[in-house]
Amino acid sequence: MSTPVERLSTGVSGIDEILRGGIPKGFTVAVVGEPGTGKTVFALHFVNAGLVNGEKAIYVTTEESRASIIRQAAAFNMDFLQAINRGDLVVIDALMGDRGDAWSLRDLDVEELVNMVIEAKKYLGHGHTRLVIDSMSAFWLDKPAMARKYSYHVKRVLSKWDFTTVLTSQYAVTTSLGFGFGVEHVADGIIRFRKRLVGGYLKRFVVIEKMRQTDHDKRVFEIDIVDGKGMVVVGPHALSRGDFALPAPVMRKMLEAELRKNLELYGDEELEEE
Ligand SMILES: Nc1ncnc2c1ncn2[C@@H]1O[C@H](COP(=O)(O)OP(=O)(O)OP(=O)(O)O)[C@@H](O)[C@H]1O
Ligand SMILES: [Mg+2]
């Protein structure tokens, strides 16, 4: 018989159900998807669920400013400003590079990131903390070959601190580079968001691709993002695998990019030996 796993609510009740109760405590989960699929909205729910439960949280934002994150949260009735003022939440702004701001990252540097997250953790005090890094892919935009190494480094260093972590990662499907692979390699779980035009209407979907130590629903679910409420699960969707997969030419380009990255990292000799 397996020992029960302690789980954390994601803040989206439908996704908690898909996960048979939530994300196992202490996990590092990759939240991946194209732009506008709902990664940030999901990450806001994850942080807010911790805050309303009396937990502490750290949110690192690279693509939006702190003010934008606070505004976006407020649109879903999540009061991040109050949590910051209470000393329960730190939002590390890695976009604005504001030198006068204590919780601002000046460069998209992984070492700087890890140090500031640890500083924030010390500021918040003892106990379990929810951590979001939105997005991790921003840290290797100009050096995709480092994705896996950086992801591993972040996971290894931060694993000594009492975190449950969500790392978001973007796929740049308009380019030939797949930025998402690094995070997925080190993650204990992968939550994938997708979007698709169906009958002239933008629909969004979610599927759990991996979650260690737990059973989970394997179906694709349609989701919606609702003003004043946030992310909701509409229900299972009979999407074919072909519908859900990235278009074949995009997938091919991403795999080629991944191979190129590996060649840069390890050289072709080691790859040939495998
Ligand atoms: N107040 C709101 N009411 C309804 N829908 C909203 C609201 N705010 C945002 N959305 C929806 O959420 C989408 C943005 O989702 P989100 O920011 O989570 O995407 P993302 O996956 O993080 O994208 P990116 O990779 O560009 O950061 C918007 O395109 C919009 O459709
Ligand atoms: Mg986002």
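Reader: Why are α5 and α6 called roughly parallel to each other?

Author: In this predicted model, helix α5 (residues 110–124) and helix α6 (residues 147–158) pack at an angle of about 20°, with their axes 11 Å apart. Angles under 35 degrees count as roughly parallel, and α5 and α6 are therefore described in that way. The crossing of the two helices, α5 and α6, is right-handed.

Reader: Which residues of α5 and α6 make the contact, and how do they divide into nonpolar, polar and charged?

Author: From α5 come V110, V114 and V117, while α6 contributes Y150, H153, V154, V157 and L158. Seven of the residues in this contact of α5 with α6 are nonpolar, one is polar and none is charged.

Reader: What makes A75 partly exposed?

Author: A75 has 14 other C-beta atoms within 10 Å. A75 lies in the loop between α3 (66–74) and α4 (80–86), and its C-alpha atom is separated by 6.4 Å from that of D227, although A75 and D227 are 152 residues apart along the chain.

Reader: Why does N77 count as exposed, and where is the place of N77?

Author: N77 has 11 C-beta neighbours inside 10 Å, and because 12 or fewer is the condition for exposed, N77 falls into that class. The place of N77 is also in the loop between α3 and α4.

Reader: What is phi of N77, and what is phi of R20?

Author: Most residues other than glycine have a negative phi. For N77, phi is near 60°, a positive value in a residue that is not glycine, and for R20 phi is likewise positive, near 60°. R20 is found in the loop between α1 (13–18) and β2 (23–24), and with 15 C-beta neighbours inside 10 Å it counts as partly exposed.

Reader: How do you know which residues come nearest to ligand 1?

Author: A residue is near a molecule if its C-beta atom lies within 6 Å of it. Of the 14 residues around ligand 1, the nearest are P35, K39, T40, V41 and D227. Two or more residues of the shell come from each of α2 (39–52) and β10 (221–226), and α2 gives the largest share, three residues.

Note on methods. Residues are numbered from 1 along each chain as its sequence is written. Chains are lettered from A and ligands numbered from 1 in the order in which they are written. This is a predicted model: local features need pLDDT of at least 70, side-chain atom pairs count only at pLDDT 80 or more; totals for chains, interfaces and linings use all residues. Helices (H or I, at least four residues) and strands (E, at least two) are DSSP runs, numbered from the N terminus. Axes are lines fitted to C-alpha atoms, for helices over the stretch in contact, and angles run from 0 to 180 degrees between N-to-C directions. Angles under 35 degrees count as roughly parallel, over 145 as roughly antiparallel, 65 to 115 as roughly perpendicular and the rest as oblique. A crossing is left-handed if the near helix is turned anticlockwise from the far one by less than a right angle, and right-handed if clockwise. Two residues are in contact if their C-beta atoms, placed from the backbone, lie within 7 Å. Ala, Val, Leu, Ile, Met, Phe, Trp, Tyr, Cys and Pro count as nonpolar, Asp, Glu, Lys and Arg as charged, and the others, Gly among them, as polar. A residue is buried if 20 or more other C-beta atoms lie within 10 Å of its own, exposed if 12 or fewer, and partly exposed in between; C-beta atoms are placed from the backbone.
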